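Take a look at the chain below.

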Amino acid sequence: MAASDLSAASKTNIPEYEIADVNSKPFHIGSFRNEWLNRLDPNSYSYANVDEEAFEDNFVKEMGISADTMTELKSTCSIDSLRCHPVDQPPDTEVVPPDPTLKTLIQRKERQDYRSSLKISKNRHDLYADELDRVTVTDQVKAEAADTIVPEGEVILSINVYYPATFDKFNYVRPHMTLLMLGCHTLAELRDAICCVSDLQVFGEFSSNPDMVPDFISKDHYKSAFFFFEGVFYNDMRFPECQDISMTTIEWAKACNAPPYSKAKMEDTRLVDLKIKVGYPYLYCHQGDCEHLVIITDIRLTHKNDCLNKTLYPVLTHKDRLMTQKCAVCHLYIGRWFTTNDNFAPSDPCLFCNKCFRMLHYDTKGNKLGDFQAYPYVDPGAFN
Ligand SMILES: [Zn+2]
Ligand SMILES: [Zn+2]
């Protein structure tokens, strides 16, 4: 369905709640943006800096106050009045003042005391905890060239992608990743930004020739995928080997007299062309049956404080970290192989790192010892 048909079909493009505080009714993203642009003064979404003097003159006029009051207001509300220390004497932010009364400081002190009680001062997660923050902060580097700057009045979508339904533990609980994307992005670009461990799997039993594990992964083999939004399947048809994997469901729905589903191409559909409900779970399906929930949680106009460099999108603002499963022998390295019917293994199936797997199952000449099956394994924490 073309974008114009979509916008014509929807009666209203102003989001209203369908279920309070959960999700909106369906609306067309591009038309919603246009509604805003028609109503707003262009200055309110312009990236240009506001002329301070003009702003003050306006403020004085609108509030009906005197120039003296304005001066007083300015000094009272100035950021400088919030400083506890002179600019050239910044305090050590690691030191919590003695007997703090602020809840945040009390908690911080507790955490510092707890950490200093640990043998290892910093774990891997702490080391990288601020990594994503840093990425998004440096991403705010202003785009210099005109062709890389996000145009004024563009929309930014916050998109949560959840773990595949096979990870029972985290199912529907917390998003695997949160992305910021622009209205001009296509669904194919969204697909490429989603990293999922099932794209990396290599299928097969390789106990007799562990060096023969091919380099190509599932993603190279099985390129078909679709998104499902509001009754429309958006298929990835970018490559000749892509198949329309939505067909079975569409035919089935027809046979069952269910409401008809339609289809479109992922690579031809921009996010602004979509008709969606904000807060409502939709579907991303790849590798045949790896199904992820996708929820668009927010749609808004860009602001000058956003990352305005188009080339840095999609911006990853959150990524969940998973515990990695370690080798059953050394308990140190991440599992790379799992074996079944393995007499050397303490469990069935059993996970090994590459080194332990080879030392335990092959002689020095590389001959297989004993009877077992071995499969390459990709840890879900591979993206940490
Ligand atoms: Zn997946
Ligand atoms: Zn090991």
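**A walk through the model**

Strand 13, residues 337–340, pairs with strand 14 over three bridges, and the two run antiparallel. This is a predicted model. Within this pair, threonine 339 sits opposite cysteine 350 of strand 14.

Step back to the whole chain. The protein chain has 11 helices and 15 strands. It holds 384 residues, and 22% of them count as buried. Consider the contacts in the chain with a separation of 6 or more: 62% of them link residues 24 or more positions apart.

The largest nonpolar core has 39 residues. Ile29, Leu157, Ile159, Met181, Phe227 and Tyr234 have the most contacts inside it. Several elements each supply at least two residues of this core, among them helix 2 (29–39), helix 8 (187–193), strand 5 (175–182) and strand 11 (290–301). Strand 4 gives the most, with six residues. Which residues does isoleucine 159 touch, leaving aside those up to four places away in sequence? They are Leu179, Met181, Leu190, Val294 and Ile296. There is also a second, separate core of 13 residues, which includes Ala345, Cys350, Phe352 and Tyr377.

Now for the backbone. Most peptide bonds are trans, and most residues other than glycine have a negative phi. Look for the exceptions. The bond from tyrosine 313 to proline 314 is cis, with omega near -5 degrees. Proline 314 lies in the loop between strand 11 and strand 12 (315–319). The bond from aspartate 348 to proline 349 is also cis, with omega near -5 degrees. Proline 349 belongs to the loop between strand 13 and strand 14.

Asparagine 341 is in the loop between strand 13 and strand 14. Its phi is positive, near 45 degrees.

Find it in the loop between strand 1 (17–19) and strand 2 (23–24). Aspartate 21 has 6 other C-beta atoms within 10 Å, so it is exposed.

How values were computed:
Residues are numbered from 1 along each chain as its sequence is written. Chains are lettered from A and ligands numbered from 1 in the order in which they are written. This is a predicted model: local features need pLDDT of at least 70, side-chain atom pairs count only at pLDDT 80 or more; totals for chains, interfaces and linings use all residues. Two strands pair if DSSP finds at least two bridges between them. Helices (H or I, at least four residues) and strands (E, at least two) are DSSP runs, numbered from the N terminus. A nonpolar core is a set of buried Ala, Val, Leu, Ile, Met, Phe, Trp, Tyr and Cys residues joined through C-beta atoms within 7 Å. A residue is buried if 20 or more other C-beta atoms lie within 10 Å of its own, exposed if 12 or fewer, and partly exposed in between; C-beta atoms are placed from the backbone. Two residues are in contact if their C-beta atoms, placed from the backbone, lie within 7 Å.
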